[in-house]
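Keep the sequence and the model open beside you, and try each task before reading its solution.

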Amino acid sequence: MPAPDRPVARPRPVYLNLVRIRLPLPGIVSFLHRVSGAVLFLFGIPLLLLAVQCSLATPDQFASLTSALAHPLARLAAIGFAWACLHHFCAGIRFLLLDLHIGDDLAPARRSSAVVLAVSLALTLVAGVRLW
Amino acid sequence: MVTRPLRQAVGAHYGSKDWLVQRVTAVVMAAYTILVLGLALWNGGIDYALWKALFARGAWKLATFVFMLALCWHAWIGVRDIWMDYVKPVGARLTLEVLTVLALAAYVGWTVQILWGGR
């Protein structure tokens, strides 16, 4: 594709050092969207189904689900899942808005990526405090 | 502003269909999630009796089933994108994609068992 507005040709090929590369904030949010999605697929869906199955079985099993969360490791995992859900949800809504061309200029897009990071972390904190 | 390329690099427009499916399923899941959260807030938490009564309703079973279908379709597109981006050997990618489809099919089956398994 011709690029008439770029006067100087950049040296090619370009080698990207993945360790030294610094993503802008929207890039980090986008990458975390992928990471949280992978976590939700690998562990989230089976655990969700297991939880729904147990919770519907008997009142005892419904109660055992809440007592299972008494273990600190289970609580840590639950907080991890809460973050994955919340980040994926918030970042996803941001992407839907960007698709509708709402806030897709550089400055508002950077701002909204910061909002997504902050809101999902804050809500995770609230969930964690309620759990503990 | 991005100008349209003069010709399509890949055929059959499959990319734009998946792009749309990814977004429609996201909206379906968001609606269901907000419904569950709203129910929990409205009732001041969900206890066993309420939970059980909710899942006894046919409409709720259907809504939950549609949610799970949306979730699995959404997950398929997302996970397949991850395999396509990071796994280049065709054999390994195909294996991972097949395993993904099998897992998602099993999850849909599991959902049917939970919802209509009878107890």
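Predicted model: local features only at pLDDT ≥ 70, side-chain atom pairs only at ≥ 80, totals over all residues.

Residues are numbered from 1 along each chain as its sequence is written, while chains are lettered from A and ligands numbered from 1 in the order in which they are written.

**Exercise 1. The make-up of chain B**

Task: List the elements of chain B and find how much of the chain is buried.

Solution: 
- Step 1. Helices (H or I, at least four residues) and strands (E, at least two) are DSSP runs, numbered from the N terminus.
- Step 2. By that rule chain B has four helices and zero strands, in the order α-α-α-α from the N terminus on.
- Step 3. A residue is buried if 20 or more other C-beta atoms lie within 10 Å of its own, exposed if 12 or fewer, and partly exposed in between, with C-beta atoms placed from the backbone.
- Step 4. Of the 119 residues of chain B, 11% count as buried.

**Exercise 2. Helix 4 of chain B**

Task: Check the span of helix 4 of chain B against its residue count, then find its buried residues and what covers them.

Solution: 
- Step 1. The expected span of a helix is 1.5 Å times one less than its number of residues.
- Step 2. Helix 4 of chain B (residues 90-116) has 27 residues and should therefore span 39 Å; its end C-alpha atoms are 39 Å apart, which agrees.
- Step 3. Leu104(B), Thr111(B) and Ile114(B) are buried in this helix.
- Step 4. Their cover includes helix 1 (25-57) of chain A together with helix 3 (58-86) of chain B.

**Exercise 3. One residue in detail**

Task: Decide whether Thr111(B) is buried or exposed, and name what it touches.

Solution: 
- Step 1. Thr111(B) sits in helix 4 of chain B.
- Step 2. Thr111(B) counts as buried because it has 23 C-beta neighbours inside 10 Å.
- Step 3. Two residues are in contact if their C-beta atoms, placed from the backbone, lie within 7 Å.
- Step 4. Leaving aside residues up to four places away in sequence, Thr111(B) touches Leu49(A), Phe65(B) and Met68(B).
- Step 5. Thr111(B) and Met68(B) are 43 residues apart in sequence, and their C-alpha atoms are 7.4 Å apart in space.

**Exercise 4. Two helices of chain B**

Task: Describe how helix 3 and helix 4 of chain B pack.

Solution: 
- Step 1. Axes are lines fitted to C-alpha atoms, for helices over the stretch in contact, and angles run from 0 to 180 degrees between N-to-C directions.
- Step 2. The two helices pack at an angle of about 170°, with their axes 10 Å apart.
- Step 3. Angles under 35 degrees count as roughly parallel, over 145 as roughly antiparallel, 65 to 115 as roughly perpendicular and the rest as oblique.
- Step 4. Helix 3 of chain B is therefore roughly antiparallel to helix 4 of chain B.

**Exercise 5. Across the chains**

Task: Describe the side of chain B that touches chain A, and the crossing of helix 1 of chain A with helix 3 of chain B.

Solution: 
- Step 1. In the contact between chains, 15 residues of chain B meet 15 residues of chain A.
- Step 2. On the chain B side, helix 1 (14-42), helix 2 (48-56), helix 3 and helix 4 each supply at least two residues, and the largest share, five residues, comes from helix 3 of chain B.
- Step 3. Ala, Val, Leu, Ile, Met, Phe, Trp, Tyr, Cys and Pro count as nonpolar, Asp, Glu, Lys and Arg as charged, and the others, Gly among them, as polar; the chain B side then has 11 nonpolar, two polar and two charged residues.
- Step 4. The axes of helix 1 of chain A and helix 3 of chain B come within 10 Å and cross at roughly 125°, so the two helices are oblique.
- Step 5. Residues that meet here include Phe41(A) and Ile45(A) from helix 1 of chain A, and Leu71(B) and Ile82(B) from helix 3 of chain B.
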